[in-house]
Amino acid sequence: MSLNKLAFLYKTLVLEHAKAPHHFASQLPEDGQTVTLHNPTCGDTINLAAKIKEGRITDVCFNGSGCTISQASASMMTDTLNNKTLAQAQDLIAAFSTLAMGGKVSPEQEKGLQDAAVMATVAEFPTRIKCATLAWHAMGQLIQNYEKNVK
């Protein structure tokens, strides 16, 4: 894909997800797992909630405040990880972090990231990497907390 097409796709998807974020909930459910992360560098905050049933993430939603990139990435993350097993989610979280840092991932991982794969272009703007990865780090922490409490 040409750089112009990729840039256009990135802008289009980011704006779509930021304007109408998927799985945004003004009030998070009280049952299930929750986590809040804050990026002190820019002020972005994400509140994330998910249920985990039989090793699978369900009913994932978020709210919070932040820049267009952080909100769009959170929306893309909820689309990507909803209904995934914990192992699949951890693999995709790692793949997303790799892409955001400018690294390469397998074609299967890139396909699994769905819309979020376009966030690879954020690597060109190092100050925005934390914005893009905040929601993904939150989900990683949520899974870690869950696994610690289950054992």
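Axes here are lines fitted to C-alpha atoms, for helices over the stretch in contact, and angles between them run from 0 to 180 degrees between N-to-C directions. The model shown in these views is a predicted one.

**View 1. The packing of α2 against α5 in the predicted model.** Helices α2 and α5 pack with their axes 7 Å apart and at an angle of about 40°. Because angles under 35 degrees count as roughly parallel and 65 to 115 as roughly perpendicular, that angle makes α2 oblique to α5, and the crossing of the two helices is right-handed. On the α2 side, the contact is made by I69, S70, S73, A74, M76, M77, T80 and L81, while α5 contributes C131, A132, A135, W136 and M139. Sorted by class, the contact of α2 with α5 has 10 nonpolar and three polar residues, and no charged ones.

**View 2. The packing of α2 against α3.** Helix α3, which covers residues 86-100, packs with α2 at an angle of about 145°, and the axes of this pair lie 11 Å apart. The crossing of α2 and α3 is right-handed. In the contact, S73, T80 and L81 of α2 meet A89, L92, I93 and F96 of α3, and the residues of this contact divide into five nonpolar and two polar, with no charged residue.

**View 3. The packing of α3 against α5.** Here the axes of α3 and α5 are 10 Å apart, and the helices pack at an angle of about 155°. Since angles over 145 degrees count as roughly antiparallel, α3 is roughly antiparallel to α5, and α3 passes α5 in a left-handed crossing. From α3, the contact draws on L86, A89, Q90, L92, I93, F96, S97 and A100, and from α5 on I129, A132, T133, W136, H137, M139, G140, I143, Y146 and E147. By class, the residues of the contact of α3 with α5 divide into 12 nonpolar, five polar and one charged.

**View 4. The cavity and the residues around it.** A search of the whole structure finds one cavity of 30 Å³ or more, and the largest cavity holds about 40 Å³ of space. Its lining is formed by D44, T45, I46, S65, S70, Q71, A74, C131, L134 and A135. The elements that give two or more residues to this lining are β2 (45-53), α2 (68-81) and α5 (129-150). Divided by class, the lining of the largest cavity has five nonpolar, four polar and one charged residues. Among the lining residues are S70, A74, C131 and A135, which also take part in the contact of α2 with α5.

Note on methods
Residues numbered from 1 in each chain as written. Predicted model: local features only at pLDDT ≥ 70, side-chain atom pairs only at ≥ 80, totals over all residues. Heavy atoms only, no water. 1 Å grid on protein atoms, 1.4 Å probe; cavity = no way out; pocket = protein on both sides within 12 Å on 5 of 7 lines; lining within 4 Å. Points joined across faces, edges and corners; volume = space filled by probe spheres on them. Helix = DSSP H or I, 4+ residues; strand = E, 2+ residues; numbered from the N terminus. Nonpolar A, V, L, I, M, F, W, Y, C, P; charged D, E, K, R; others polar. Left-handed = near helix turned anticlockwise from the far one by under 90°. Contact = heavy atoms within 4.5 Å.
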